[in-house]
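Here are some notes for your reading of this structure. Please keep the sequence beside you as you go through the points.

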Amino acid sequence: MCTEHWVARCSPHFSTLLSIYLRRGNGAALALRRVASDAPLWVSSVVLEELYAGAGDRERRVVERLERDFDRAKRILVPNLSDWTQAGKVLAGLAAKYDYEQIGQGRLTNDALIAMSAGRLGICVITANERDYRRLAEFRAFQWQVAAI
């Protein structure tokens, strides 16, 4: 079990994340940052991108507040050059082992970026996507855990 730090891979749970933010108001970021075993919660810039891409006008304001709150707490995880190159290598390995086509690789790019950047800093990834993260972990060691957010 991961206990150090957590990065939430929560875009599939967009409505849950937004409802927490809408209900909890200004205290929501603190509640979210402590959602996992009292360890600090991080949000990936990749997840923020996905949230913005799927947000309407009302939700966009909530995502902006989420970004602001995590930025103030200095808990936004941003992939660096090494994370990008490692993600490419992992995706190539997945393509060879599981016969993924370009679409399959493209679908996993964001997950690979999250995994590589979290792995670099020893941050545990919380995800509901067990299959893809299990496969990513075959090619690069990082901490991850399946959790329903």
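Is K74 buried or exposed? K74 counts as exposed, at 65% relative accessibility; buried means under 20% relative accessible area, exposed over 50%, and partly exposed in between, with a 1.4 Å probe and protein chains only.

1. Basis. This is a predicted model, in which local features need pLDDT of at least 70 and side-chain atom pairs count only at pLDDT 80 or more, while totals for chains, interfaces and linings use all residues. Residues are numbered from 1 along each chain as its sequence is written, and side-chain values use heavy atoms, with hydrogens and water left out.

2. K74. This residue lies in the loop between helix 4 (57-72) and strand 3 (76-77). Helices (H or I, at least four residues) and strands (E, at least two) are DSSP runs, numbered from the N terminus. K74 is not a glycine, yet its phi is positive, about 60°. Most residues other than glycine have a negative phi.

3. Helix 5. Residues 81-98 make up helix 5, which has 18 residues. From first C-alpha to last it reaches 26 Å, close to the 26 Å expected at 1.5 Å a residue; the expected span is 1.5 Å times one less than the number of residues. Its buried residues are D83, A87, V90, L91, G93, L94 and A95.

4. The ends of helix 5. At the start, a side-chain oxygen of N80 comes to within 3.0 Å of the backbone nitrogen of S82. After the helix comes D99, with a positive phi near 55°.

5. Salt bridge of D83. The whole structure holds 7 salt bridges, each a side-chain nitrogen of Lys or Arg within 4 Å of a carboxyl oxygen of Asp or Glu. In one of them, D83 pairs with R120, with the closest N and O atoms 2.7 Å apart. This pair links distant parts of the chain, since D83 is in helix 5 and R120 is in helix 6 (residues 102-121), 37 residues apart. D83 is buried, with a relative accessible area of 1%, whereas R120 is partly exposed at 32%.

6. Other salt bridges. D69 and R68 meet through their side chains at 3.2 Å, N to O. Here D69 is buried at 11% and R68 is partly exposed at 35%. D132 forms a salt bridge with R131, the closest N and O atoms being 3.3 Å apart. D132 counts as buried at 2% relative accessibility, and R131 as partly exposed at 47%. R107, R131 and D132 are linked in a network of salt bridges.

Key
A polar contact is a pair of N or O atoms within 3.5 Å; within protein, one must be able to donate a hydrogen and the other to accept it, and residues adjacent in sequence count only if both atoms are side-chain atoms.
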